[in-house]
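This briefing is meant to be read beside the sequence and the coordinates.

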Amino acid sequence: MPKILYLITQSEMGGAQKNALDLACAFKDRYEILAAAGLDGNGEFFERLHENGIRYSQLKWLRRAINPYFDLRAFFEIKKLLEKEQPDILHLHSSKAGFLGALAARRSPTFQGSRISKHRLKVIY
């Protein structure tokens, strides 16, 4: 079953989180779904994912505020998650998650443009 990873910066329930949750719920019967978000926010996004039986990952270093140290750590945390989970589709929400997620995907050996792996990661912004 193909796998989709939704990546979002914060765990509060805002527009990006609602959009990702709605998509995850709609596709959970046809795809393996994983959502990942930073710990900024009240965690309601994680609660709603849990209520709907959707797997999620809490990213320790992904934060909304710009901080070169945390951002570098978040980049490697996301890259490690991509290598571990090997999603077929990476759906990015919000600017920080979008930038770091796209950069981590680009550096991943499973990125669509890579010739290293037969598995190809498609990135949706």
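The points below are grouped by topic and describe a predicted model.

**Packing of H3 against H4**

- Helix H3, residues 68-85, packs on helix H4, residues 95-106, at an angle of about 55 degrees, and the two axes are 9 Å apart. Because angles of 65 to 115 degrees count as roughly perpendicular and those under 35 degrees as roughly parallel, H3 is described as oblique to H4.
- The crossing in which H3 passes H4 is right-handed. On the H3 side the contact is formed by Asp-71, Ala-74, Phe-75, Ile-78, Lys-79 and Leu-82, while H4 contributes Lys-96, Leu-100, Gly-101, Leu-103, Ala-104 and Ala-105.
- Sorted by class, this contact of H3 with H4 holds eight nonpolar residues, three charged residues and one polar residue.

**The two sides of H2**

- Within helix H2, which spans residues 44-51, the residues Phe-45, Phe-46 and Leu-49 are buried. These three cover an arc of only 100 degrees around the axis, and therefore they sit on the same side of H2.
- An α-helix has 3.6 residues a turn, so residues three or four places apart point the same way.
- The exposed residues His-50 and Glu-51 are carried by the face of H2 that is turned away from its buried side.
- The cover over the buried residues of H2 includes strand S1 (3-8), helix H1 (15-27), strand S2 (32-38) and strand S3 (55-59).

**Buried residues and their contacts**

- Leu-59 belongs to strand S3, and it counts as buried because its relative accessible area is 2%. Apart from neighbours within four places in sequence, Leu-59 is in contact with Leu-7, Ala-36, Ala-37, Gly-38, Leu-39, Glu-77, Ile-78 and Leu-81.
- Glu-77, a residue of helix H3, has a relative accessibility of 19% and so counts as buried, the cut-off being under 20%. Its contacts, neighbours within four places in sequence left aside, are with Gln-58, Leu-59, Lys-60, Trp-61 and Leu-62.
- From Glu-77 to Leu-100 the C-alpha to C-alpha distance is 9.9 Å, and the two residues are 23 residues apart in sequence.
- Gln-10 lies in the loop between S1 and H1, and its relative accessible area of 16% is why Gln-10 is classed as buried. Not counting residues up to four places away in sequence, Gln-10 touches Gln-17, Ala-37, Gly-38, Asp-40 and Arg-64.

- Gln-86, a residue other than glycine, has a positive phi near 45 degrees. Gln-86 is placed in the loop between H3 and strand S4 (89-92), where its relative accessible area of 40% makes it partly exposed.
- Ser-94 likewise is not a glycine, yet its phi is positive at about 80 degrees. Ser-94 is found in the loop between S4 and H4, and with a relative accessible area of 35% it is partly exposed.

Note on methods. Residues are numbered from 1 along each chain as its sequence is written. This is a predicted model: local features need pLDDT of at least 70, side-chain atom pairs count only at pLDDT 80 or more; totals for chains, interfaces and linings use all residues. Side-chain values use heavy atoms; hydrogens and water are left out. Axes are lines fitted to C-alpha atoms, for helices over the stretch in contact, and angles run from 0 to 180 degrees between N-to-C directions. Helices (H or I, at least four residues) and strands (E, at least two) are DSSP runs, numbered from the N terminus. Angles under 35 degrees count as roughly parallel, over 145 as roughly antiparallel, 65 to 115 as roughly perpendicular and the rest as oblique. A crossing is left-handed if the near helix is turned anticlockwise from the far one by less than a right angle, and right-handed if clockwise. Contact means heavy atoms within 4.5 Å. Ala, Val, Leu, Ile, Met, Phe, Trp, Tyr, Cys and Pro count as nonpolar, Asp, Glu, Lys and Arg as charged, and the others, Gly among them, as polar. Buried means under 20% relative accessible area, exposed over 50%, partly exposed in between (1.4 Å probe, protein chains only). The arc is that of the directions from the helix axis to the C-beta atoms.
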